[in-house]
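Student: Hey, I've never looked at this one before. Can you walk me through a few spots in it?
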Amino acid sequence: MKTISKITEFMLDEDYAREPVPLAQRRSWIRLSMIWIAVGVDLSALVLGAALASGMTLWQAIIAISVGSLILAIIGGICSYVGSATSLSTAMINRFTFGERGAMVVILISTISLMGWFGVAAGFFGESAHVVAKSVLGMDLDARWFALLGGILMTATATIGYKAIEKLSLVAVPLMLSFLAGLITKLSMEGDNLSSLLTIAPEGDPIKIGTAISLVVGAFILACAGSPDVARWAKNSKDAVLSGFFGFLIGNSLMMFVAAFLSRLTGTEDVIKIMLSIGWGSLAVVLLILAQWTTNDNNMYSAGLNLSILFKWVPKRVLTIVAGTIGTGFAIFGIYDNFIGFLSILSPFAAPIAGIYLVEYFFLNKERFKVAYLRAQKVASVYWHSLIVWLISAILAMMTTPSADGGLGLFTLTQVPVLDGLFSAMLLQYVSGRTINRLKHGKYTGHENQGA
C-alpha cells in the first residue's frame, strides 16, 4: 500500500506551478546539472555540430562551440540564480517583469516557441529513428509514426513533472556519456593523423565565426531564459548557479564537439550513419531515444508551466498533454525541415526576455519578485516599457541577423545577433526603468511602484 501511495503521489505532483518550491523539496547542484547535461545531449546539437564542421575548419568549429557554450553557461548561471532566489518558474517571474496582463503576451509567444522547438526535436527523432529501424531491423515505417511515438514519450515525463524528468536524466546521462566516449575512442583508434583534422578546409558553404557562435547560443538560449523552471528546485543560490553554469557549459558543448569531430573524421555529416557503419546499431537506438527524450521533455515541461499561468483553472498536466499533442502535430507536419531557419527566428525573441527580467531583478525592482505582491495586487496590469523594450530588442536582433540565416542583415554590432538582442534589452530596460522611477518619484529609489 505504501508503494502504491508513493507512486500515486509521484504521478499527481503539480510541480508548484504557481507558487514557490518548498525548501524540503530542493535539490543539489549535481542533480540539477544532470538535467541540463541531458538537455544538451540531443540530436539537434549533433546536427548543428556537424553543420558547423561542414562550413568551417574543425579548429574554428571548436572555438565557436566553446565561446557559444561559455556565453550560455554565464547567462544560464545568472538566470538560474533568479530562479533559485525567487523559487518561481519563468512564467511567474515574467508576471513581475511585464505585468499581470503584459506577461500573457510574452508567455504565449514563449509557449508557441517551446511547442515549435518540441516539434523540431520530435521530428528529428522520427527521421533518425526511421533510418535506424530500416538499417537495423529492416522495418520501413513512415518517419511520422516514430515522431508520434517520440512525442508521446516526451510528453509523458513532462506531464508527470520535474521528479520524472530528474529521474530519467540521472539514468540517461551516464549511459549517453559512456556511449559517446566509446564511439570517439573507437573511431580515433581507426583514424589517421588526427591533428591534421583541425585545419582541413571545409567543403560546404563557409560559415562566419560570429554566425557560428550565434547559432550555438541560439540553439539553447531559450533554455537559458527558461532556466528558472529547473533552478527553482535548487537548495540555494550557489547550487543554482553551479548547476546552470556547468550544466550548460558541458551539456551544450559536448554533443556539438562530438558531432564536429566525427563529421571531420568520417567525412560525413550524418552521425546516425556513422554509428551504424561501425556496427553499433542497437546502441544508436538507445542513444537516439534517450537523447531526444531527456531534451524534449524539458521543453514541454516549461510549456506546461507557462500554460498554467495563462489558464489557471485547468490542471497543469492537462495543459501539458494538450501542448504535447500540438507539438507532436508540428513534428508530423514537418517543422524540422526548417531547423536552422527556426533557430534564427526564435533566438531574437527569446534572448531579450532573460535580459529584461535580469535587469529588473538585480538593478530595478528586486523587492517586487514575491508572490505576496501578486496576492496583494501590487503588480501592475501591464509594464508597457518592458513590452516595448522586448519588441525593440527582438527587432534589433533580427536586423543584425544575416539575411542568409533568416534575418534582415541590415548591419552588425557584436557579430552575434542573439547577444545584440540580450544586451540591448538589458540596456534599454535599465534606462527606461530608471527614467520612469525618476519621473514618478523625483529620484531613483530602486523599489517597487515603478508603474506601467
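Student: Okay, which residues is Ser 169 in contact with, leaving aside its neighbours within four places in sequence?
Tutor: Those are Met 34, Ile 35, Ala 38 and Pro 174. Bear in mind that this is a predicted model.
Student: And which helix is Ser 169 found in?
Tutor: Ser 169 belongs to helix α8, which covers residues 162-190.
Student: Is Ser 169 buried or exposed?
Tutor: Buried, because its relative accessibility is 1%, and the cut-off for buried is under 20%.
Student: Switching topic: at what angle do the axes of α4 and α9 cross?
Tutor: Roughly 30°, and the axes come within 8 Å. Here α4 is residues 58-86 and α9 is residues 209-225.
Student: So what does that make α4 relative to α9, roughly parallel or roughly antiparallel?
Tutor: Roughly parallel, because angles under 35 degrees count that way. As for handedness, α4 passes α9 in a right-handed crossing.
Student: Which residues meet there?
Tutor: From α4, the list includes Ile 63, Val 67, Ile 71 and Ile 75. On the α9 side, Ile 213, Val 217, Phe 220 and Ile 221 are among them.
Student: How many of the contact residues are nonpolar, polar or charged?
Tutor: The contact of α4 with α9 has 16 nonpolar residues, four polar and no charged.
Student: Where does Thr 97 lie?
Tutor: Thr 97 lies in α5, which is residues 90-98. Thr 97 counts as buried because its relative accessibility is 0%.
Student: What does the side chain of Thr 97 reach?
Tutor: The backbone oxygen of Ile 93, at 3.1 Å.
Student: And which residues is Thr 97 in contact with, leaving aside its neighbours within four places in sequence?
Tutor: Ile 356, Tyr 357, Glu 360, Arg 368, Phe 369, Tyr 383 and Ser 386.

Terms used: Residues numbered from 1 in each chain as written. Predicted model: local features only at pLDDT ≥ 70, side-chain atom pairs only at ≥ 80, totals over all residues. Heavy atoms only, no water. Axes fitted to C-alpha atoms, helices over the stretch in contact; angles between N-to-C directions. Helix = DSSP H or I, 4+ residues; strand = E, 2+ residues; numbered from the N terminus. Parallel < 35°, antiparallel > 145°, perpendicular 65-115°, else oblique. Left-handed = near helix turned anticlockwise from the far one by under 90°. Contact = heavy atoms within 4.5 Å. Nonpolar A, V, L, I, M, F, W, Y, C, P; charged D, E, K, R; others polar. Buried < 20%, exposed > 50% of the residue type's maximum accessible area, 1.4 Å probe, protein only. Polar contact = N/O pair within 3.5 Å; in protein donor to acceptor, adjacent residues only side chain to side chain.
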